[in-house]
Amino acid sequence: MVNILFNRGCDICSPRKKSRSPKAVITPLKDVVEVTVKARVVTVKGPRGKLEKSFKHVAVDIRVVTMKGEKMVVIEMWFGNYKNKPVVRSVASAIQNMVDGVTKGHRCKMRAAFAHFPITLTVLNLSLIHICRCRRLLTCRSRWSPYH
């Protein structure tokens, strides 16, 4: 889904010469997802909602292009050294996760285990919210803790 392209005369590259700037191209879903970028703030809208993430702390150029009827997000870094170049892939993965989140959704699973001191976990179902209450934890200083 994510392709890293180097500036070797591809169609997406601008006509200006750059020094081997790495590019990541993400292909979002055609009709379902709408991606907008304004001042390095990426907004992704889809059937499951809207996500917004700011990449202002990263020195990359992010833009949405249309090639052959297909929308793509292009992330490029100019004159990056070997320490800065992996950031391009990290931004691309973050945007791809946002696209997956508004189309398919995410599921979180939590596992709890104890080695020596016993822990009691109870899950409270309150309408739409699930709360996990932890009791008899060594660091817990509540009235249910036997370790006062």
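This is a predicted model: local features need pLDDT of at least 70, side-chain atom pairs count only at pLDDT 80 or more; totals for chains, interfaces and linings use all residues.
This chain has one helix and nine strands, where helices (H or I, at least four residues) and strands (E, at least two) are DSSP runs numbered from the N terminus. Residues are numbered from 1 along each chain as its sequence is written, and side-chain values use heavy atoms, with hydrogens and water left out.

**Layout**
- Reading from the N terminus, the elements go β-β-β-β-β-β-β-α-β-β.
- Take the contacts (heavy atoms within 4.5 Å) between residues at least 6 apart in sequence: 43% of them join residues at least 24 apart.

**Surface and interior**
- The chain has 148 residues, and 31% of them count as buried; that label means under 20% relative accessible area, with exposed over 50% and partly exposed in between (1.4 Å probe, protein chains only).

**The salt bridge**
- The count is one salt bridge, meaning a side-chain nitrogen of Lys or Arg within 4 Å of a carboxyl oxygen of Asp or Glu.
- Arg63 and Glu76 make the pair, and their closest N and O atoms sit 3.7 Å apart.
- Distant parts of the chain are linked this way: Arg63 belongs to strand 6 (residues 61-67) and Glu76 to strand 7 (residues 70-76), 13 residues apart.
- Arg63 is partly exposed at 28% relative accessible area, while Glu76 is buried at 4%.
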